[in-house]
Amino acid sequence: MRILIVGYGMVGHRCASVLSELTAARPTHSHNGNADPVTITVLSKEARSAYDRVHLTSLFSGSTEADLSYQDPPGVEIRLGEEAVALDRAARTVRTTSGVEIEYDVLVLATGSRPFVPPVPGHDLPGCFVYRTVDDVDAIKRYAAERGAGAIGAVVGGGLLGLEAAGALSSLGLNTHVIEFSPRLMPLQVDDAGGSALRRRITELGVTVHTGTRTEAVHAGPEGAAAEMLLAAGHEPTDQRTLGVDLVVFAAGVRPWDTLGREFGLELGERGGIRVDAHCRTSDPHVYAVGECAQALDGRVYGLVAPGYTMAETAARHILGLDSASFHGADLSTKLKLLGVDVASFGDAFGTTAGARSTLYVDESEGLYKKLVVSEDGLLLGGILVGDASAYDVLKPLAGTDTALPGSPIQLLLPPSDGEAVSLGVGSLPDSATICSCHNVSKGALLEAITSEGCGTVSALKSCTKAGTGCGSCVPMLGKLLDAAGVEQSTALCPHFPQTRAELYEVVLVRGIDTFARLLAEHGEAGADPEGCEICKPAVASILASLSGRLGGPKHILSGEQAALQDTNDHFLANIQNNGTYSVVPRIPGGEITPEKLIVIGEVARDFGLYTKITGGQRIDLLGARVEQLPAIWRRLVDAGFESGHAYGKALRTVKSCVGSSWCRYGVQDSVRLAIDLELRYRGLRAPHKIKAAVSGCARECAEAQGKDIGVIATEQGWNLYVGGNGGFRPRHADLFAKDLSEAELLRAIDRFLMFYIRTAERLERTATWIERIEGGLEHVRDVVLGDSLGLADELDALMRAHVDAYADEWKAALDDPDTLRRFVSFVNAPDTPDPSIEFSTEREQIKPLLRIGHRKDLVSAG
Amino acid sequence: MSALPKSIPVCRYEDLTPGRGVAVLLPDGSQAAVFRTFAEELYAVGNLDPATGAHVISRGLTGSRGAVPTVASPMLKHVYELASGRCVDGPAGPEPAYRLPTFPVLRYNGVVYVLDDPATHSGGNS
């Protein structure tokens, strides 16, 4: 079966994901029971993958496009920048903007909606925008930046979308006005009193609100761009006034993008939207419509993401012939923080149910307005919360259920400080209550995941149940559920230290503490056992090593007490393998090596009978070395001019490079030389996790720098710096950090970036996760590194200088120290006897470990 | 009949690094791991990692769970009590099926000895 999805917004993405998952789980199942394979194709009008449109406003507060973008579902063909232009329902084909005809067995329309722009004169002048896509946000940002600080921005529309846009403009520093036609803000969600509470709060934040006001026209200034708006409060000429503006955003609502349906004969609703049945099927049984382009069975077009998701799932299951709950309509509950003000509306917010009664709590001085609507028999029907929506998470799941309220409505509304307030914990919710409405996950399912699946953190719950991965509004509830289930979510490093790794780093730096014993005695958990554990010992060892240039001069990681702290890999300066042997990886800076040195590596491998393999980081791995062989192997390597490659350490690994301008026809800079310089500068730098880097000599990016923690790509003008990329379990492309840097600027930026990472990251946190976790995200890191927003730059520079000055090859130093060498024995009572349990077979002319128990894959994956 | 316990000299006490272990080859070809803790106590357990079959326990990191001294296997990070050999933690929680044999260990005249007494070590791995 060929499934074609038109539209790759949030709902189109969800539909593709569900179809992909379901077909992967039941590969041979199809609509009519035949075992024909399912192919899924998606057309995306935007030239970028699906992203989280709900959080578009976060692009104004430091998030990047990458933060919002979604992973493409596996096994789905995605055609970006390709729009459907014609539909032949008889032949079952769709023609696209590139002229291709795509055949389908099932077509899913997920075209979403388009912004509604009132047809007032001047609505299309330069300086007029809509607020819908990442491109819209980019255009608004650019235009506002050109206009400079103090520019005036007007938003037409005081609903949910309009207030989001107003928040965005105000975060850009614009003097912001909101123009709303109806007499109150958010007319669909809140009542008059709620609207005025909201208005009061928003006005206090410096936004000017014009309710009951029509936009009559936008007038151009001398440059031909929007400069003035004509507003009207009534129908008399005296009711008209003007407002000087620099920028206008139309956010007065959306209309279903139903063009394909309209032009090609599908039934539409009276006010637009492709009419669908309970399975989201249109009047053509081969065509489905989901999300904002569809009119549901109840005659409504849903503009919220949760109902869109439900429709996508309903359609996907029906297409594959699986049981599906039918979709008749959805709940319009919302909770938002608009311009920093909580607004929530849920269930029967306006009390339209027969016999409904309202309870109000209003505090004008605090800007609070809360209303609960209950039925005749005292059950919760809905409510409105303005100014403080903390009770929403608990009240919303109760609305419309037959669970009795845990107290009288007014008790539930009183602020907690009152002393009389009824505690509204997650405990008061029934197991059937929906916590995540995007993914329809109940409290019971989450508790099950906590108790049976052992989910002990919010992120474990997210990956196990998908709760919190849609709009994200229920994430705080997940934390509360864990608390309620008695799961402690401590930030302590381990039972021996109450601090986080970053806090311990600060303690060591500020107090100059240079031993584990002293750190534990002076700053550890009171009464903690002096042994420490396998968590804190290597973490502290790493901090001491990172700061060794600062703490009374350079120190070998195996000197004194530090020898006891290192993980086995650092302890033997090699990587342990599945049979207890070790691998040896000499440093080959930038991947450049002379034939002589290559021959030495070959000779060493041959003489010690090691297995050799080229690594992904452009160096050579020698495997199968026994502990007692390591010093002899390294003696040979060090004598030939090699040094430790730190493949065993949480430290800089390699700086990969392409051949660059010396050889390549396309190269614009000498990437090899820069890679070598970077590798020599940062070699031996201990960090919370491994650090990989690469340098590409031109934009063709042969060194794959965007997959590294530090990626450098040559430009005609200098170097572009990328940060936070990695491969691994969760691959992530690096983010562009700074452009066209000179080499001095580049080094300074990398110096500071690395030192700031080492200072603030948690244990075993790669740069990618660190950037995603740290408050303020990439923007904050950029401010610190490039703008010195924390005043740390001098110290970060000094720390890196101390590292560079203190560097010495760990293996050479180990070979020179008899005490260290004494540890490299097979048995303390038989130092020259090889471990008899280590055995090899031969495969493709090289050795291969003979395992006694075999690799425990189940445990490997769990670890 | 039961064999008599044998005292196997391991090394001098001061040759042991506090907080680390060493591997010891026993007369029957099996291996023990001897640890000296920060608290200056000695422990000896089997060197074979039950999860992978590699003889690597001596290269694990010592530590404590509460006040109970432990060692974490360097392979898949299972944590064993040094005194009892019980597996008390791991990637998927405690593994009751994994148990390290334990050996009496003593210090006499500055030398560390392991007592290889087939009658006392239980839960061996052969």
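In this predicted model, strand S1 of chain B and strand S11 (residues 111-116) of chain B run antiparallel and are joined by six bridges. Within this pairing, B:Ser7 stands opposite B:Leu115 of S11(B). The two strands belong to an open sheet of three strands in chain B, ordered S1-S11-S10 and paired in antiparallel fashion. Its edges are formed by S1 and strand S10 (105-108) of chain B, each of which pairs on one side only. On average, and with direction ignored, neighbouring strands of this sheet are turned by 30 degrees against each other.

Strand S1 of chain B also takes part in the meeting of the two chains, to which we can turn next. Here, 35 residues of chain B are in contact with 33 residues of chain A. On the side of chain B that touches chain A, two or more residues come from each of strand S1 (6-12), strand S2 (20-25), strand S5 (61-65) and strand S6 (68-72). The most is given by S2(B), with five residues. By residue class, this side of chain B divides into 21 nonpolar, 11 polar and three charged residues.

A loop position in chain B deserves a brief look as well. B:Pro50 is found in the loop between strand S4 (42-46) and S5 of chain B. This proline counts as buried because 22 C-beta neighbours lie inside 10 Å, where 20 or more are required. B:Pro50 and B:Leu100 are 50 residues apart in sequence, yet their C-alpha atoms are 7.5 Å apart in space.

Turning to chain A, the secondary structure comprises 27 helices and 38 strands. Of its 863 residues, 47% count as buried. Among contacts in chain A between residues at least 6 apart in sequence, 61% join residues at least 24 apart.

One helix pair in chain A can be followed down to its residues. Two packed helices are described by the angle between their axes and the distance between the axes. For helix H21 (residues 743-760) and helix H23 (residues 777-787) of chain A, the angle is about 130 degrees and the axes are 9 Å apart. H21(A) is therefore oblique to H23(A), and the crossing of H21(A) and H23(A) is right-handed. From H21(A), the contact is made by A:Ala749, A:Arg752, A:Phe753 and A:Phe756, while H23(A) supplies A:Val781, A:Val784, A:Val785 and A:Leu786. The residues of this contact divide into seven nonpolar, no polar and one charged.

Methods:
Residues numbered from 1 in each chain as written. Chains lettered and ligands numbered in written order. Predicted model: local features only at pLDDT ≥ 70, side-chain atom pairs only at ≥ 80, totals over all residues. Helix = DSSP H or I, 4+ residues; strand = E, 2+ residues; numbered from the N terminus. Buried ≥ 20, exposed ≤ 12 C-beta atoms within 10 Å, placed from the backbone. Contact = placed C-beta atoms within 7 Å. Nonpolar A, V, L, I, M, F, W, Y, C, P; charged D, E, K, R; others polar. Axes fitted to C-alpha atoms, helices over the stretch in contact; angles between N-to-C directions. Parallel < 35°, antiparallel > 145°, perpendicular 65-115°, else oblique. Left-handed = near helix turned anticlockwise from the far one by under 90°. Pairing = 2+ DSSP bridges.
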